[in-house]
Protein chains: 2
Amino acid sequence: MTDKTTAWYLRSRPQGEVEPGHFDVRSEAVPEPGPGQVLVRNIYLMIPASMRIWMNAEDSYLPAQPLGEVMRGITTSVVERSDDPRLPVGTYVNGMCGWREYTVAAVEELTPVRVHPDIPLSAYRHVLDFQGLTAYCGLTDVCKPVEGETLVVTAAAGSVGSLTCQIGKKLGLRVVGIAGGPEKCEWLRAECGVDGAIDYKNEDVGARLDELCPDGIDMLFENVGGPVLDLVLDRINLNARIALCGLVSTYNGGEQTAGRSLMKLVNQRGLMQGFIVMDYLPRLQEVVGLLEPWVLDGSLVYQEEILDGLDRAPEAMNRLARGENKGMQLVRISPENG
Amino acid sequence: MTDKTTAWYLRSRPQGEVEPGHFDVRSEAVPEPGPGQVLVRNIYLMIPASMRIWMNAEDSYLPAQPLGEVMRGITTSVVERSDDPRLPVGTYVNGMCGWREYTVAAVEELTPVRVHPDIPLSAYRHVLDFQGLTAYCGLTDVCKPVEGETLVVTAAAGSVGSLTCQIGKKLGLRVVGIAGGPEKCEWLRAECGVDGAIDYKNEDVGARLDELCPDGIDMLFENVGGPVLDLVLDRINLNARIALCGLVSTYNGGEQTAGRSLMKLVNQRGLMQGFIVMDYLPRLQEVVGLLEPWVLDGSLVYQEEILDGLDRAPEAMNRLARGENKGMQLVRISPENG
């Protein structure tokens with residue numbers, strides 16, 4: 001183990017895409033854990049789409065990332081120094097350990113991960129963690145689906161979207177996913193079992209929605225915003241439910257210009273409800289317990305794309321914003337068995 | 001009683017404002033009631049803001065008004081010919097009798113109005129009818145207010161808005177109304193008892209919201225849409241509730257360009273719910289019974305503006321769309337005691 005660690009400090013706030021120049025990258029001494037603390041080596045940095053809005057000056061669902069501090073990051077790590085019996089050396093832990101190689105954290109800030117031998121460690125930082133929780137609770141608690149209803153999912157090939165599609169199928173829904181490009185759509189059809197997939201980059205979304213949702217749209221699980229949101233709202237049924245999970249089309253500073261069709265919410269008595277996964281954290285173990293058997297039996301599939309090295313984290317964010325990634329976007333900060 | 005009646009048929013669909021030229025005005029023989037029918041003389045035509053969208057080719061919460069048919073209208077009338085003991089001659093009735101002087105309607109399509117001697121007949125077609133029901137149910141059932149919370153109301157000096165403000169005060173809320181012009185704002189402060197009124201035509205709405213809602217905004221009763229909706233969304237609290245009653249800024253064909261701040265719904269877990277007064281019709285008698293004593297004791301005030309003659313109905317619609325009316329906009333088709 002080295003005695004130096006690299007840490008990324010936010011220097012300035014991006015206007016559009018993220019560049020390495022927005023950060024100060026410093027080499028520092030590996031810190032010593034104090035009482036009640038452990039030293040962890042960070043392995044995976046999870047890149048949620050909303051990470052981009054943490055960097056803005058305005059607070060989002062989290063306080064704005066302060067300038068001059070280590071960039072916040074959702075991580076999976078391994079304990080390397082510990083005197084605490086609750087987290088012995090070698091334990092894998094989830095936490096918010098930031099964009100750095102080594103982090104000292106209080107034991108209470110870390111959650112040990114019980115890794116099933118047939119499931120990769122990384123899955124415990126997305127499908128069997130926040131992404132699975134987001135998909136399951138957003139769909140069941142906000143959309144309140146009824147068997148036979150029609151669900152549309154945007155960013156459907158993304159980490160949350162693809163899980164939402166598959167959970168929707170398990171709940172007996174007609175599921176139509178909207179994604180960018182024929183490859184993503186084919187994956188949704190072949191692997192996620194959706195009833196229809198729409199390539200918003202190459203197809204007439206409105207016409208395809210008419211074709212694939214002959215009984216109208218009862219639920220929208222919305223990750224994107226922008227003009228597609230209007231096209232879906234145009235077609236909602238009475239008492240439709242729209243779960244607003246995120247609006248990734250706006251995160252790089254673009255104004256959200258959708259909303260032309262808000263009148264549909266009035267006419268159809270529609271409900272649009274924003275939600276944040278953190279509110280469902282008390283249900284994490286319940287939901288992971290429900291999803292883990294589906295991951296094991298192969299009935300809940302996922303894709304992940306791992307870029308190697310923290311210096312690729314800005315690129316990872318931009319790939320996600322542009323929709324170039326496939327499934328969950330991760331950065332591998334250090335090897336699992338380092 | 002004359003044997004001729006004037007009726008307004010929709011000839012073409014307006015793009016922007018309504019003009020007399022959009023109608024065929026015909027003089028016709030007064031129809032004879034058949035079995036189970038009565039003949040009514042129409043007195044008041046109520047002009048709701050949403051009447052404008054009935055005229056569009058697209059269905060709204062009602063089917064699109066067909067071309068070549070008598071324009072739909074919400075009316076108070078008096079029975080002039082009847083063999084039915086349920087509706088003797090002289091009974092005042094509410095119904096959908098359209099833009100015409102005389103209408104033949106089935107007894108079941110008409111609702112007799114029990115007029116309190118100290119309340120004008122016209123009030124039974126707005127405050128003690130759909131407008132009161134809209135305000136009361138939208139506020140209590142959609143916004144679910146809790147004493148001490150802050151409510152913002154747009155089109156606050158309008159018929160529904162001003163009732164919502166006053167009911168909000170009765171429920172112990174901090175109420176801030178947004179209206180166009182100093183006169184409307186002064187009326188809201190002096191007569192409706194709001195805690196603050198914002199003149200969106202002459203004041204900086206964002207700055208005034210900051211000043212008048214020091215604890216943020218818990219509820220919005222939305223009648224307008226457009227940029228003001230964004231300014232309110234910018235300031236919503238956690239778990240805010242937005243009752244979407246209407247979006248009058250869009251009715252004359254303008255696109256709804258608001259929605260920039262939908263991300264606030266995500267971050268604050270906000271709920272936006274469209275609703276339609278017709279869904280609350282089963283509660284009409286309950287709510288009228290609750291509001292009538294407040295009208296009698298003067299603690300629930302309203303304004304109405306009555307234009308005389310059906311030929312002023314297009315003007316009435318345009319005054320409402322431009323915000324030039326004061327309170328409820330009505331057209332007097334014929335005198336109460338004709």
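This is a predicted model: local features need pLDDT of at least 70, side-chain atom pairs count only at pLDDT 80 or more; totals for chains, interfaces and linings use all residues.
Q: What makes chain A as compact as a globular protein of its length?
A: Chain A holds nine helices and 15 strands, where helices (H or I, at least four residues) and strands (E, at least two) are DSSP runs numbered from the N terminus. The radius of gyration, taken over C-alpha atoms, is compared with a globule rule of 2.2 Å times the number of residues to the power 0.38. For chain A the radius is 20 Å, close to the 20 Å that the rule gives for 338 residues, so the chain is as compact as a globular protein of that length. Along its principal axes, the C-alpha trace of chain A spans about 60 × 45 × 35 Å.

Q: Which residues touch the most other members of the largest nonpolar core?
A: Such a core is a set of buried Ala, Val, Leu, Ile, Met, Phe, Trp, Tyr and Cys residues joined through C-beta atoms within 7 Å. Among the 220 residues of the largest one, A:L188, A:V232, B:L188 and B:V232 touch the most other members. Contact between two residues requires C-beta atoms, placed from the backbone, within 7 Å, and B:V232, leaving aside its neighbours within four places in sequence, is in contact with B:V152, B:L209, B:I217 and B:L220.

Q: How do you know that strand β13 of chain A pairs with β13(B)?
A: Pairing requires at least two DSSP bridges between two strands, and three bridges join β13 (residues 271–274) of chain A to β13(B), the two running antiparallel. In β13(B), B:L271 is the bridge partner of A:Q273.

Q: Why is the relation between the chains that of a two-fold axis?
A: Superposed by least squares on the C-alpha atoms of residues with pLDDT of at least 70 in both, chain B can be laid on chain A with an RMSD of 0.0 Å by a turn of 180° and a shift of 0.0 Å along the axis. That is the relation of a two-fold axis.

Technical notes: Residues are numbered from 1 along each chain as its sequence is written. Chains are lettered from A and ligands numbered from 1 in the order in which they are written. A residue is buried if 20 or more other C-beta atoms lie within 10 Å of its own, exposed if 12 or fewer, and partly exposed in between; C-beta atoms are placed from the backbone.
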